[in-house]
Amino acid sequence: MEYVTPKSASEASQALSQEGAFALAGGTDLLVKLKTRFVSPSVVVDIKHIPNIMTIKQSAEGWWIGAATPCAEIVEHDSLSKNWPGVVEALSLIGSTQIQGRATLGGNLCNASPAADSIPALIAAGATCVISGQTKEREEPVEKIVTAPGMTTLGKGEFIIGFKLPIPKNRSGDAYLRLIPRSEMDIAVVGAGVSLSLSEDGKIEAIRVALGAIAPTQVLLSGLEDIFIGKEPNDDAIQKLVSLAEKACKPINDKRGTIEYRTKIAGVLAKRAFGIALKRANNY
Amino acid sequence: MSKTQVATCINGDTHEFLCDTHQTLLDVLRHELDLTGSKEGCATGDCGACSVMLDDRLVCACLVLGVEVDGKEIETIEGMSSGSGLHAIQQKFIDLAALQCGICTPGVLVATKALLTKNKNPSEEEVRFWLAGNLCRCTGYDKIVRAVLEVAADMRNA
Ligand SMILES: Cc1cc2nc3c(=O)[nH]c(=O)nc-3n(C[C@H](O)[C@H](O)[C@H](O)COP(=O)(O)OP(=O)(O)OC[C@H]3O[C@@H](n4cnc5c(N)ncnc54)[C@H](O)[C@@H]3O)c2cc1C
Ligand code: FES
Ligand code: FES
């Protein structure tokens with residue numbers, strides 16, 4: 001196994017286009033897979049030496065979160081946490097303090113686990129990712145990346161260099177909730193991310209809800225516009241959200257939860273995360 | 001296969017070693033550098049027995065490649081006591097019997113020091129969450145948590 005530390009995005013793409021090449025960010029998934037011989041890379045491409053891949057920046061256009069920034073560093077970023085509390089709480093749930101010191105958003109997304117905690121929150125927030133490739137750079141919404149467990153739309157030599165989030169408008173809020181059997185260090189039975197914004201008179205202007213661990217990939221709920229947009233949220237609308245969330249579920253049965261349980265919890269978490277996001281929007 | 005030359009600073013001292021690309025930082029510490037204080041409980045990031053500081057961040061040494069630490073600063077349990085005696089955290093763990101077999105202890109101590117550097121006055125809940133990635137099969141955690149809270153208070157009053 002070769003190990004390389006490219007200093008530029010184009011060098012990294014070149015290295016990653018070799019047969020059997022794997023990107024290395026925090027290594028909290030990759031090293032476990034190396035040890036269990038689930039993967040045996042010919043070359044490991046440490047992407048952490050590329051400019052901007054470990055930085056958090058705010059500009060007039062919005063936020064940039066480098067794809068290889070450790071979660072611990074993102075969690076410590078006060079103004080990002082104020083703008084996107086749901087995204088930050090989602091990624092703060094990944095693993096333990098030790099895992100937080102290394103785990104990254106790029107790794108969480110590209111590992112493509114159905115239960116990955118940051119993905120539903122990023123999708124709900126409308127985050128995009130900037131993808132570096134051998135010939136060009138492209139930008140895609142986060143929901144366009146994962147296609148199946150462990151599978152992504154990234155092509156040969158492509159990797160994620162960073163994530164973009166808008167600066168939220170006034171009266172916006174987001175939230176992420178997950179259910180796990182323990183209070184720490186476990187894999188989501190269900191995860192639910194909600195992001196919404198309100199008009200001056202308290203009507204919903206925009207809403208996105210994404211669920212995790214309830215299907216092979218994260219699911220961005222459709223059909224919310226008719227229920228919510230231009231209206232003040234009420235119990236009837238929230239009940240419809242619960243039904244939509246339940247309908248979106250195509251989960252597995254496993255030791256953490258049955259299909260029936262996961263489906264029920266998806267509705268419950270969507271409703272509760274909605275409540276938190278709404279409260280945050282009213283106070284933002 | 002040829003090995004990679006790595007230069008790093010561990011507990012303030014410069015170390016140079018040759019490393020296979022598949023070796024983890026934990027392998028290097030224990031097998032190449034004879035720093036066997038960091039333990040291997042699981043090798044998959046779950047137990048925290050291998051906790052070390054890497055450029056001032058708490059990490060699992062079993063999930064870092066040895067070749068990654070070139071030019072970095074590492075602190076291990078071996079760097080905790082000074083020449084003259086144990087660190088206050090270590091002494092408190094002994095005084096309160098917050099260890100039994102001791103396998104988890106180096107990791108718990110390194111993690112505790114990292115917590116108290118960031119947060120001088122953690123609540124019990126904060127201590128429990130911070131240490132959630134440090135598994136202990138002996139103590140039932142209660143004595144560990146009490147030792148951390150007590151030593152935090154001592155250090156504030158020192
Ligand atoms: C003990 C433990 C607990 C965990 N708990 C959780 C949890 O609660 N929730 C959760 O969601 N996950 C959890 N995880 C999984 C893991 O920590 C996360 O998925 C983490 O975000 C992965 O990031 P990383 O940087 O470590 O990825 P790496 O291991 O570096 O990479 C993961 C995969 O993505 C690829 N990759 C990495 N970065 C990029 C990039 N920028 N572009 C393209 N491909 C890339 C790699 O080639 C690899 O295939 C846990 C893991 C452990 C060991
Ligand atoms: S040995 Fe590293 S976490 Fe268990
Ligand atoms: S003292 Fe034995 S594992 Fe903690």
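These legends describe close-up views of a predicted model. Local features need pLDDT of at least 70, side-chain atom pairs count only at pLDDT 80 or more, and totals for chains, interfaces and linings use all residues. Residues are numbered from 1 along each chain, chains are lettered from A, and side-chain values use heavy atoms, without hydrogens or water.

**View 1. Chain B meets chain A.** Here 28 residues of chain B are in contact with 26 residues of chain A. Contact means heavy atoms within 4.5 Å. The two chains bury about 2,200 Å² between them, 61% of it on carbon and sulfur atoms. Buried area is the accessible area (1.4 Å probe) that two parts lose on being put together, summed over both. R57(B), L63(B) and E68(B) supply 29% of the area that chain B buries against chain A, more than any other three residues.

**View 2. Polar contacts link chain B and chain A.** There are 11 residue pairs in polar contact, both at pLDDT 80 or more. Such a contact is a pair of N or O atoms within 3.5 Å; within protein, one must be able to donate a hydrogen and the other to accept it, and residues adjacent in sequence count only if both atoms are side-chain atoms. On the side of chain B that touches chain A, β4(B) gives the largest share, 4 residues. Strands are DSSP runs (E, at least two residues), numbered from the N terminus.

**View 3. R57(B) pairs with E76(A).** Their side chains meet in a salt bridge at 3.0 Å, N to O. The term means a side-chain nitrogen of Lys or Arg within 4 Å of a carboxyl oxygen of Asp or Glu. The interface of chain B and chain A has 4 salt bridges.

**View 4. E68(B) pairs with R102(A).** This salt bridge spans 2.9 Å, N to O. E68(B) sits in the loop between β4 and β5 (73-75) of chain B.
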